Amino acid sequence: YPGSYDFVTFFDCLHDMGDPVGAARHVRSSLKPDGTWMLVEPFAHDRTEDNLNLVGRVFYGASTLICTQASLAQEVGLALGAQAGEARLREVLTEAGFGRVRRATETPFNMVLEVRV
């Protein structure tokens with residue numbers, strides 16, 4: 001139902017979607033004006049060279065073989081991949097109409113973003 005949800009969650013999936021901007025727009029239209037989207041995505045720095053560590057190398061391998069290919073096989077095929085980084089995710093969210101994005105927390109494996117209109 002449009003505009004009827006207080007809280008929506010995504011766990012490690014936006015980067016796999018062919019049209020992450022479209023998916024984010026759908027979330028925006030589903031949320032109440034004061035609603036929150038909790039977006040959990042693989043942890044990545046914005047610059048490639050900052051991701052060249054043990055976890056980043058594993059994520060790049062999985063992203064190349066699984067995430068990017070899954071996205072490319074879908075309509076639009078934006079291919080964010082698992083190493084998109086917070087800056088690129090913010091671009092997607094802003095394009096979808098969200099105005100407030102806050103990194104709520106992070107681990108070596110995931111970042112958790114609080115996304116609001």
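Analyst: A residue is called buried when its relative accessible area is under 20%, exposed when it is over 50%, and partly exposed in between. Cys-67, with a relative accessible area of 8%, is therefore buried. The model is a predicted one, and the values below are computed from it.

The cysteines come first. A disulfide requires two cysteine sulfur atoms within 2.5 Å. The cysteine sulfur closest to that of Cys-67 belongs to Cys-13 and is 11 Å away, so the gap is too far for a bond. Seen from Cys-13, the closest cysteine sulfur is likewise the one in Cys-67, at 11 Å. Cys-13 has a relative accessible area of 22%, so this residue counts as partly exposed. Across the whole structure, the search returns zero disulfides.

Next, the rings. Two rings pair if their centres lie within 6.5 Å, and the count under this rule is two aromatic pairs. One of them joins Phe-10 and Trp-37, with 4.9 Å between the centres and 70° between the planes. Planes over 60 degrees apart count as edge-to-face, which is the class given to Phe-10 and Trp-37. Phe-10 sits in strand β1 (residues 5-11) and Trp-37 in strand β2 (residues 31-42), so this contact ties together parts that are 27 residues apart in sequence. Phe-10 is buried because its relative accessible area is 13%; Trp-37 is buried too, at 0%.

Trp-37 also pairs with Phe-98, at 5.4 Å centre to centre and 45° between the planes, a tilted arrangement. While Trp-37 belongs to strand β2, Phe-98 lies in the loop between α3 (85-95) and β3 (100-106), so the pair ties together parts that are 61 residues apart in sequence. Phe-98 has 3% relative accessibility and so counts as buried. Taken together, the ring pairs link Phe-10, Trp-37 and Phe-98 into a cluster.

The charged side chains remain. Side chains of opposite charge can pair when their charged atoms come close. With a limit of 4 Å between a Lys or Arg side-chain nitrogen and an Asp or Glu carboxyl oxygen, the count is nine salt bridges. Among them is the contact between Arg-103 and Glu-86, whose closest N and O atoms are 2.3 Å apart.

Glu-49 is partly exposed at 47%, and Asp-50 is partly exposed at 33%.

Key:
Residues are numbered from 1 along each chain as its sequence is written. This is a predicted model: local features need pLDDT of at least 70, side-chain atom pairs count only at pLDDT 80 or more; totals for chains, interfaces and linings use all residues. Side-chain values use heavy atoms; hydrogens and water are left out. Rings of Phe, Tyr and Trp (its six-membered ring) pair if their centres lie within 6.5 Å; planes under 30 degrees apart count as stacked, over 60 as edge-to-face and the rest as tilted. Helices (H or I, at least four residues) and strands (E, at least two) are DSSP runs, numbered from the N terminus. Buried means under 20% relative accessible area, exposed over 50%, partly exposed in between (1.4 Å probe, protein chains only).
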